[in-house]
Amino acid sequence: MRSELTASLRPAAVLLILFSLVLGLAYPAAVTGLSQIAMPRQANGSLIRDGDRVIGSELIAQNFASPRYFQPRPSAAGKGYDAAASAATNLAPGSKDLRDAIATRVADARAKGMTGVSVPPDLVTTSASGLDPDLSPEAAFSQTARVATARGLPDEQVRALVESSIAYPLFGIIGERRVNVLLLNRQLDRIAPTATP
């Protein structure tokens, strides 16, 4: 009886060790190695550097509170824009709390000088992760007057900067038109680095 049990356990143990080595070590190492060769920047987090200093990632939103900068979507991640606590509000579409939060954000956007018939939805609602780095072009364009005034730049120059920052859907069908807020703000700092706040 014992020899039958041992005979049955031996192949199971060998397969467990084999699959652990192949699927737990060899496969992840191969995928990691290939990604480092094929697309090292993306494999390492799409980091944005200022010299040797990492200032962010193209994939994670940051809070820009100054009127001199384009501002991203609101965040419900932790205390806001916290990559260690990615989360949404989980409020239902009919929730009074959600309606109140949106009304407050719309009033805030209007107080900051945002014009137009309506405030773009992505400026008053949080994303599912709370860390969405992109805005719709409409949301970016709705902020150009404020940013241009705060930086002392012509509105047309800021609008042209937004236009040149629009990323288009992959192959024309996958994804949406979008503007990465961190990259756009870095371009602003390049064209008007000494603008007064």
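# Salt bridges, a surface patch and crossing helices

Asp50 and Arg53 form a salt bridge, their closest N and O atoms 3.6 Å apart. The term means a side-chain nitrogen of Lys or Arg within 4 Å of a carboxyl oxygen of Asp or Glu. Side chains of opposite charge can pair when their charged atoms come close. Asp50 is partly exposed at 41% relative accessibility. Arg53 is exposed, with a relative accessible area of 53%.

The model is a predicted one: local features need pLDDT of at least 70, side-chain atom pairs count only at pLDDT 80 or more, and totals for chains, interfaces and linings use all residues. Residues are numbered from 1 along each chain as its sequence is written, and side-chain values use heavy atoms, with hydrogens and water left out.

The salt bridge count comes to eight. Another of them joins Lys112 to Asp108, with the closest N and O atoms 3.3 Å apart. Lys112 is partly exposed at 37% relative accessibility. Asp108 is partly exposed too, at 39%.

A further bridge pairs Glu138 with Arg177, at 3.6 Å from N to O. This pair links distant parts of the chain, 39 residues apart. Glu138 sits in helix H4, and Arg177 sits in the loop between strand S4 (166-167) and strand S5 (178-180). Helices (H or I, at least four residues) and strands (E, at least two) are DSSP runs, numbered from the N terminus. Glu138 is partly exposed, with a relative accessible area of 46%. Arg177 is partly exposed as well, at 34%.

Stay in the loop between S4 and S5, which also holds Phe171. The phi of Phe171 is near 60 degrees, a positive value in a residue other than glycine. Most residues other than glycine have a negative phi, and most peptide bonds are trans. Phe171 is exposed, with a relative accessible area of 72%.

Ser46 also has a positive phi, near 50 degrees. Its place is the loop between helix H2 (40-43) and strand S1 (47-50). Is Ser46 buried or exposed? Ser46 is buried, with a relative accessible area of 5%.

Now turn to the loop between helix H4 (137-141) and H5, where Ser142 is placed. Ser142 is buried, at 17% relative accessible area. Ala128 is 14 residues from Ser142 along the chain, and their C-alpha atoms are separated by 22 Å.

Two packed helices are described by the angle between their axes and the distance between the axes. Helix H5 (residues 144-151) meets helix H6 (residues 155-164) with axes that come within 9 Å and cross at roughly 125 degrees. That makes H5 oblique to H6. Axes here are lines fitted to C-alpha atoms, for helices over the stretch in contact, and angles run from 0 to 180 degrees between N-to-C directions. Angles under 35 degrees count as roughly parallel, over 145 as roughly antiparallel, 65 to 115 as roughly perpendicular, and the rest as oblique. The crossing of H5 and H6 is right-handed. A crossing is right-handed if the near helix is turned clockwise from the far one by less than a right angle, and left-handed if anticlockwise.

H6 also crosses helix H7 (residues 181-191), with axes within 10 Å and an angle of roughly 140 degrees. That makes H6 oblique to H7. The crossing of H6 and H7 is right-handed. Ile191 lies in H7. Ile191 is partly exposed, with a relative accessible area of 37%. Ile191 and Leu153 are 38 residues apart in sequence, and their C-alpha atoms are 9.5 Å apart in space.

A nonpolar patch of about 970 Å² is made by Leu15, Ile17, Leu18, Phe19, Leu21, Val22, Leu23, Leu25, Tyr27 and Val31. Patches are made of residues with over 30% relative accessible area and no salt bridge; like charges are joined within 9 Å, and nonpolar side chains (Val, Leu, Ile, Met, Phe, Trp, Tyr) within 5 Å. Accessible areas come from the Shrake-Rupley method with a 1.4 Å probe, and for residues only the protein chains shown count as cover. Leu25 is found in helix H1 (residues 2-38). Leu25 is exposed, with a relative accessible area of 54%.

Note on methods
Buried means under 20% relative accessible area, exposed over 50%, partly exposed in between (1.4 Å probe, protein chains only).
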